[in-house]
Each structure stands twice: as structure tokens, then as C-alpha cells.
Amino acid sequence: MNISNNYKSLLKRIENKSEAVGTSLKSSIIVGASKYADVSMIREAYKAGLEVFAENRVQDFIRKRQELLDLKIKWHFIGHLQTNKVRKIVGEVELIHSVDSLRLAREVSKWAKAKAIIQPVLLQINVGSVKGKGGLNAKKSLQ
């Protein structure tokens with residue numbers, strides 16, 4: 001099965017599950033984790049209808065975005081983002097998925113202010129305050 005057929009099959013499965021729970025496919029955002037895909041694979045998925053792609057390495061994101069400027073891709077950043085690379089991501093992606101520390105949140109805010117933008121993020125919360133697990137401590141960081 002090729003990328004296009006896989007994507008169409010995925011859409012059908014999501015549509016069926018959505019209907020089963022009383023919602024619609026249109027209320028979902030499908031994000032293609034393109035972190036191991038080459039540019040030709042991303043092009044094929046885009047041609048099939050996938051519009052949102054996510055990378056987890058800043059250097060890969062920069063390279064792929066540059067090679068795909070002719071497409072109207074919406075980019076996300078997934079995975080751990082190092083504070084020293086925040087300036088390269090803020091304002092370049094629609095969403096940062098894993099802000100996992102107050103230090104990182106402050107760095108994102110600093111660069112967003114410098115670029116006069118609002119950078120949407122998802123906060124990673126360690127709700128159980130489990131040692132060794134990533135994420136903000138829900139009891140301490142959010143007070």
C-alpha cells in the first residue's frame with residue numbers, strides 16, 4: 001500500500017470511529033509525524049490531502065521546510081525542544097507540542113515577544129508528580 005492509500009484508509013477509519021461517538025472527522029486535526037520521512041514522502045502525503053506535518057529535530061525541520069516552500073504545509077514541532085534552539089522554532093511552526101519546563105516556557109515567551117507574535121504551545125504536565133517523568137509539576141509550576 002502506498003502513502004496515499006494508507007492516508008485514505010486512515011481517514012476512513014477515523015471517520016467511522018468519529019461517527020460512532022457522535023462527532024465528525026472535521027473536528028479532528030491529523031498530524032503526520034514526518035520525522036523519519038524524506039521530502040518525497042511528505043510531498044506524496046500532502047498530495048493525498050495531509051496538510052499538517054510535525055518534526056522533532058530543529059535541523060530536520062529547517063531543511064525540510066526549505067525544500068517544501070512550494071507547499072502550504074502547516075508545521076508543528078513535537079518532542080523535546082532544547083532552549084538553545086527555541087529561537088529557530090518560535091514563529092516558524094504553528095504549534096509546539098511539548099513545552100515541558102518553566103525554563104522552556106519562559107524561553108518561548110521571550111522569543112515570541114522579540115518577534116511580536118503569540119506562539120501557541122501545548123504544555124506537558126506531569127500530573128502525578130512522578131520522579132523521572134518529564135513535564136511540568138502540576139502542583140508547583142502552575143500556581
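## A predicted chain of helices and strands

The accessible surface of the protein chain comes to about 9,200 Å², and 53% of this area belongs to carbon and sulfur atoms; areas are computed by the Shrake-Rupley method with a 1.4 Å probe, and for residues only the protein chains shown count as cover. The model is predicted, so local features need pLDDT of at least 70 and side-chain atom pairs count only at pLDDT 80 or more, while totals for chains, interfaces and linings use all residues. Residues are numbered from 1 along each chain as its sequence is written, and side-chain values use heavy atoms, with hydrogens and water left out.

Along its principal axes, the C-alpha trace spans about 45 × 40 × 30 Å. Five helices and seven strands make up the secondary structure, in the order α-β-α-β-α-β-α-β-α-β-β-β from the N terminus on. Helices (H or I, at least four residues) and strands (E, at least two) are DSSP runs, numbered from the N terminus. Of the 143 residues in the protein chain, 32% are buried; buried means under 20% relative accessible area, exposed over 50%, and partly exposed in between, with a 1.4 Å probe and protein chains only. Among contacts (heavy atoms within 4.5 Å) between residues at least 6 apart in sequence, 39% join residues at least 24 apart.

The side chains include 26 positive and 13 negative ones, and the centres of the two sets lie 8 Å apart. Lys and Arg count as positive and Asp and Glu as negative, with His and the chain ends not counted; each charge is placed at NZ of Lys, CZ of Arg, CG of Asp or CD of Glu.

Helix α2 has V39, I42, A45 and A48 buried. The cover over these buried residues includes α1 (3-20), β2, α3 and β3. After α2 comes G49, with a positive phi near 125°.

Helix α3 spans residues 58-67, and its buried residues are V58, D60, F61, K64 and R65. These residues lie on the same side of α3 because they cover an arc of only 155° around the axis, the arc being that of the directions from the helix axis to the C-beta atoms. An α-helix has 3.6 residues a turn, so residues three or four places apart point the same way. Among the elements that cover the buried residues of α3 are α2 (39-48), β2 (52-55), β3 (74-77) and α4 (86-89).

What links F53, F61 and W75 into a cluster? Ring pairs do. Rings of Phe, Tyr and Trp (its six-membered ring) pair if their centres lie within 6.5 Å; planes under 30 degrees apart count as stacked, over 60 as edge-to-face and the rest as tilted. By this rule there are two aromatic pairs. F53 and W75 form a tilted pair, 6.2 Å centre to centre with 50° between the planes. This pair links distant parts of the chain, since F53 is in strand β2 and W75 in strand β3, 22 residues apart. F53 is buried at a relative accessible area of 2%, and W75 is buried at 5%. The rings of F61 and W75 have centres 5.6 Å apart and planes at 80°, so this pair is edge-to-face. Because F61 lies in helix α3 and W75 in strand β3, the pair ties together parts that are 14 residues apart in sequence.

N126 counts as buried because its relative accessibility is 9%. Leaving aside residues up to four places away in sequence, N126 touches K133, G134, G135, L136, N137 and A138.
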